[in-house]
Amino acid sequence: MAEQGFRKWIITITVIMASLLELIDTTIVNVALPDIMGNLGATLEDAGWLVTGYAVANVIVLPMSGWLGDRFGRKNYFLASILIFTAASYLCGQATSLTELILYRLLQGLAGGGLLSTAQAILMETWPREEIGMATALFGLGAVVGPTLGPTIGGYIVDNTNWRYIFYVNIPVGAVAAFLVSMFVRESPMFAKGKPIDWWGILLLAIGVGSLQVVLEKGETEDWFQTPYIAFLTVTTVLAGIGFLWRELSTDHPVVDFRILKNRSFAIGTITSFALGFALYGSVFIFPVFCQNLLHFTALQTGLILLPGGLATIIMMPFVGAMLKRGVPAQYMATGGFILFFVFCWLLSNSTLESGTGDFFWPLIIRGIGMAILFVPLTTLAVSSLQGKQIGQGTGLNNMMRQLGGSFGVAILTTLIHVKSGEVRNALLSNTNSFNPAYVQRKEGMIQMLMGKGYNLLDAQQASDRMMEGNIIRQTMLVTYDHMYMLIGFFVLAAIPVIYLQKFKKKPVIITDAH
């Protein structure tokens with residue numbers, strides 16, 4: 001039953017606060033990895049499991065969250081997830097070894113998977129059906145802004161305190177959220193209470209989705225199928241995935257009810273959510289790497305550059321919700337969002353080695369507005385037609401698809417960066433020889449400049465070679481990253497036709513009194 005007045009708004013604030021806990025923690029740890037490595041004596045490869053472990057645990061629980069809410073009660077499950085997440089955050093801050101920290105991050109990820117989808121389901125039940133667009137807009141504040149703000153918050157904490165405080169900061173927020181949930185959120189029907197537990201489904205889901213996430217997170221660094229355990233996990237993903245689909249479609253009490261995919265809007269919505277995740281997490285991955293590796297910005301500087309775009313998203317979300325409420329077709333708004341995102345990608349694809357913070361301000365504002373116009377309509381189209389126990393199942397699957405879209409996006413982009421950089425480097429090297437007058441003139445100019453600073457001829461020649469190699473590396477990275485921006489841009493353009501496969505929402509008939 002929909003809530004009214006103060007209770008509606010306090011529940012809304014509470015679930016946004018809880019979902020932000022989970023979403024910020026998906027990216028906040030990334031900027032702290034060097035400090036954690038130094039403090040705990042770990043290698044970058046080992047420390048990377050702090051990110052991978054959290055993502056794996058998270059994506060396993062996401063599709064199950066609807067069933068868990070139906071079995072234990074949505075309020076009980078949500079409250080337990082907040083408490084476990086908060087406790088795990090404290091344990092992460094107290095960890096004395098990398099093994100401990102990875103285990104506590106796994107626990108954090110398991111609890112976090114229950115926060116996001118359950119928060120969205122509670123929000124959908126709290127707001128009236130005719131205001132579902134506004135509810136989705138408010139939920140989107142956390143879903144879109146969280147991953148963007150994570151590096152900014154993490155960079156500030158690491159630069160000014162200790163890496164442990166990136167976990168401790170969750171404790172007061174979690175405590176307040178838990179108190180508000182216990183006081184104001186009403187319990188929902190327990191549709192799955194007392195029914196048989198689909199243990200085989202849970203096992204196959206954990207194996208299949210967990211293996212897939214590890215492959216996507218570690219594939220590039222492990223040289224993909226050249227590494228035995230990546231090849232093994234790929235085969236495991238396929239076999240467990242097939243087994244899971246068969247099990248869920250043949251049992252009377254599935255842990256993930258794929259029958260809701262018969263709802264055309266929801267089925268197509270999962271595809272567009274995948275595209276949204278690809279664009280959101282892919283751009284959040286590419287931009288910081290570009291700024292820090294090529295332009296030598298610090299983590300905090302990069303986070304602060306991203307901040308205005310996040311604020312643009314926050315400002316736009318309520319307006320988008322209001323436009324949906326007034327009957328503006330979600331398909332048209334999502335199309336505008338995809339086009340704005342393409343414009344952002346096109347602008348950044350023209351970056352140079354002289355690009356600075358001022359060059360990124362407006363492109364990131366455009367991205368922020370585009371993400372607001374994208375997230376709310378796409379999510380509304382996907383879940384607005386769900387009813388009853390479908391809400392929990394649908395939000396879980398939809399959020400899982402967005403997360404997997406992000407994982408696929410990062411994995412694909414990482415691989416393409418490696419491949420493209422090799423191609424670009426070979427092309428540049430083919431022009432760096434004595435038969436190219438421009439190269440010869442540039443190198444001779446360097447040698448003369450170095451000799452003017454006191455170098456002898458031999459040292460000047462060796463130094464000029466190193467300088468030219470440095471220029472080649474920077475130009476290679478620049479061209480490669482510019483191509484990646486355009487790849488994301490063309491990907492989002494290709495997703496536009498898909499949204500028109502969803503039914504247009506009929507405008508409500510407004511009855512007025514005749515006087």
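**A pair of helices**

Helix 15 and helix 19 are roughly antiparallel to each other, in a model that is predicted. To see this, select residues 330-348 for helix 15 and residues 457-499 for helix 19: their axes cross at roughly 165° and come within 8 Å. Because angles over 145 degrees count as roughly antiparallel, the pair receives that description. The crossing in which helix 15 passes helix 19 is left-handed.

Next, display the side chains where the two helices meet. On helix 15 the contact includes Q331, F338, F341, F342 and W346, and on helix 19 it includes D482, Y485, I488, V492 and I499. By class, the residues of this contact comprise 17 nonpolar, 3 polar and 1 charged.

**From F341 into the core**

Now centre the view on F341. Leaving aside residues up to four places away in sequence, F341 touches A279, S283, R367, M371, L374, I488 and V492. F341 also belongs to the largest nonpolar core, which has 118 residues; F78, F287, F290, F341 and F360 touch the most other members. Apart from this core lies another, of 20 residues; select V29, L50, V51 and L101, which are among them.

**A loop residue**

Finally, select H296, located in the loop between helix 13 (264-293) and helix 14 (299-325). Is H296 buried or exposed? Its relative accessibility is 61%, so H296 counts as exposed.

Definitions and conventions. Residues are numbered from 1 along each chain as its sequence is written. This is a predicted model: local features need pLDDT of at least 70, side-chain atom pairs count only at pLDDT 80 or more; totals for chains, interfaces and linings use all residues. Side-chain values use heavy atoms; hydrogens and water are left out. A nonpolar core is a set of buried Ala, Val, Leu, Ile, Met, Phe, Trp, Tyr and Cys residues joined through side-chain atoms within 4.5 Å. Buried means under 20% relative accessible area, exposed over 50%, partly exposed in between (1.4 Å probe, protein chains only). Contact means heavy atoms within 4.5 Å. Helices (H or I, at least four residues) and strands (E, at least two) are DSSP runs, numbered from the N terminus. Axes are lines fitted to C-alpha atoms, for helices over the stretch in contact, and angles run from 0 to 180 degrees between N-to-C directions. Angles under 35 degrees count as roughly parallel, over 145 as roughly antiparallel, 65 to 115 as roughly perpendicular and the rest as oblique. A crossing is left-handed if the near helix is turned anticlockwise from the far one by less than a right angle, and right-handed if clockwise. Ala, Val, Leu, Ile, Met, Phe, Trp, Tyr, Cys and Pro count as nonpolar, Asp, Glu, Lys and Arg as charged, and the others, Gly among them, as polar.
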